Amino acid sequence: MNIQEYISSGIIESYVLGLASPEERAEFENNCSQYPELITARIAFEETLENTAKKNAIAPPTGTKEHIIQQLGITGKTITMSLTPVRRMNGLKYAVAACLVLLAGSLYWNISMVRKNNSLTATLDSTNTKLKGVDEKMKGYENDMSMIVQNPNVRMAYMKGMPQSPQSFTTVYWDTTSHDVYLMVNNLPAPASDKQYQLWAILNNKPVDMGIFDMEDLAIRKRPMLIQLKKAQSAQAFAITLEKKGGSTAPEGQMYVMGYL
Amino acid sequence: MADKTKYSEEELVSLLQQQDAPAFNYLYDNYSGALFGIINGIVPDKEITADILQEVFVNIWKKITSYDPAKGRLFTWMLNVARNASIDKLRSRGYQDSLKNQPLTGDVNTGGAVAVVNPRTDDVGLKKILTKLKPEQRVLIDLSYFQGFTHDEISKALNIPLGTVKTRIRAALILLRTMIQ
């Protein structure tokens, strides 16, 4: 190929001005890699073209540059090579990114709310159970209190500790109409495992069995304060002795407390 | 405002590819006038050329990484970005619609798919030189360079053999080059 002929064929002008066909472009670029003078000639025309364009320059309207810079979001800061290239986002991408952030935030919020809700529900269940227990206990106290304080037919006996256990102290409430007997254990020492306390009604110096009781009864029974024992038709005094397990027909063990109505 | 810094073309391209703001300032200050001249040479409607210039600089900023120095100088690349944007605007639906209400004033009606060749007396820059060409050459340069039709399209529209279109255009370009030098 005669390269000078090729150079002066108009291909350079055609290529530089963007008028060459894709085949012509490919051929031209291929020739450039083989003939440095072709590149020199191309650059010469490009420089001519640039100079001509600069001679025929028209000043753009003022404010165009600022408008472009604003549109591109160029901040005026120099971005160094070491940084990853700034990916410019258009409005839609910002919107999508914002939505994703909001969605993630919403999901996190939802999950944490569900967890919190579960935790609160568990606490509430536990609190309700406790409240139910407290409520039942309160009703028990109320019943006991009304028995002791408000029932006009009830008589009571303070049963004081005997010399062997002066700290012991119990109270008996006796309903004179229903003959019900209730015992309040204010203070009694815990009995040995093979022993049980037994209440006696004393009428004309004779003890009548009112039944055995365990301290645990206070916890088991609905009435937290009072233990209901056998009915007493009549009594002048009450006493508690510590008997063998199961109780005795007549008091055999040591007397802990005693009191008159 | 004008930055005294002078970049070599290599430095300028490298900085632009790193999205360097001062380099963009330099690019605009040094080339916006030349590119605006190119755009005004292609698009007769002066009301939209500023918009096109804006679009051109946005494209340059966004596509600078695709610029290949082996294929040409930076200005040549930018010139073609400006030319393509201008021709795209001329061919856009909105622009074509805006022309419908205007009378056709062209002196050479080529018919068919090819639009009216419409060299205007107040044309500027490169297009001004066109008036020195012979009419048959002027038509070809106008259609190919200023309106962006391919040689093949011109060949079919003007019913001239493709080889002849190519030869005439090249001859016209060589002539134009001697005129601008």
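Among contacts in chain A between residues at least 6 apart in sequence, what percentage join residues at least 24 apart? The share is 56%. The model is predicted.

**Chain A overall**
- Chain A has 261 residues, and 21% of them count as buried.
- Its secondary structure comes to 7 helices and 8 strands.

**A:Leu261**
- Strand 8 of chain A spans 255–260. A:Leu261 is found in the segment after that strand.
- A:Leu261 has 17 other C-beta atoms within 10 Å, so this residue is partly exposed.
- Leaving out residues up to four places away in sequence, A:Leu261 touches A:Arg155, A:Ala157, A:Trp174, A:Ala235, A:Gln236 and A:Ala237.
- A:Tyr173 lies 88 residues from A:Leu261 along the chain. The C-alpha atoms of these two residues are separated by 9.1 Å.

**Where chain A meets chain B**
- Chain A puts 40 residues into the contact, and chain B puts in 42.
- On chain B, six stretches each supply at least two residues of the side that touches chain A: helix 2 (21–42), helix 3 (49–63), helix 4 (74–91), helix 6 (125–130), helix 7 (135–146) and helix 9 (162–180).
- Helix 2 of chain B gives the most to this side, with 11 residues.
- By class, the side of chain B that touches chain A holds 22 nonpolar, 14 polar and 6 charged residues.

Notes:
Residues are numbered from 1 along each chain as its sequence is written. Chains are lettered from A and ligands numbered from 1 in the order in which they are written. This is a predicted model: local features need pLDDT of at least 70, side-chain atom pairs count only at pLDDT 80 or more; totals for chains, interfaces and linings use all residues. Two residues are in contact if their C-beta atoms, placed from the backbone, lie within 7 Å. Helices (H or I, at least four residues) and strands (E, at least two) are DSSP runs, numbered from the N terminus. Ala, Val, Leu, Ile, Met, Phe, Trp, Tyr, Cys and Pro count as nonpolar, Asp, Glu, Lys and Arg as charged, and the others, Gly among them, as polar. A residue is buried if 20 or more other C-beta atoms lie within 10 Å of its own, exposed if 12 or fewer, and partly exposed in between; C-beta atoms are placed from the backbone.
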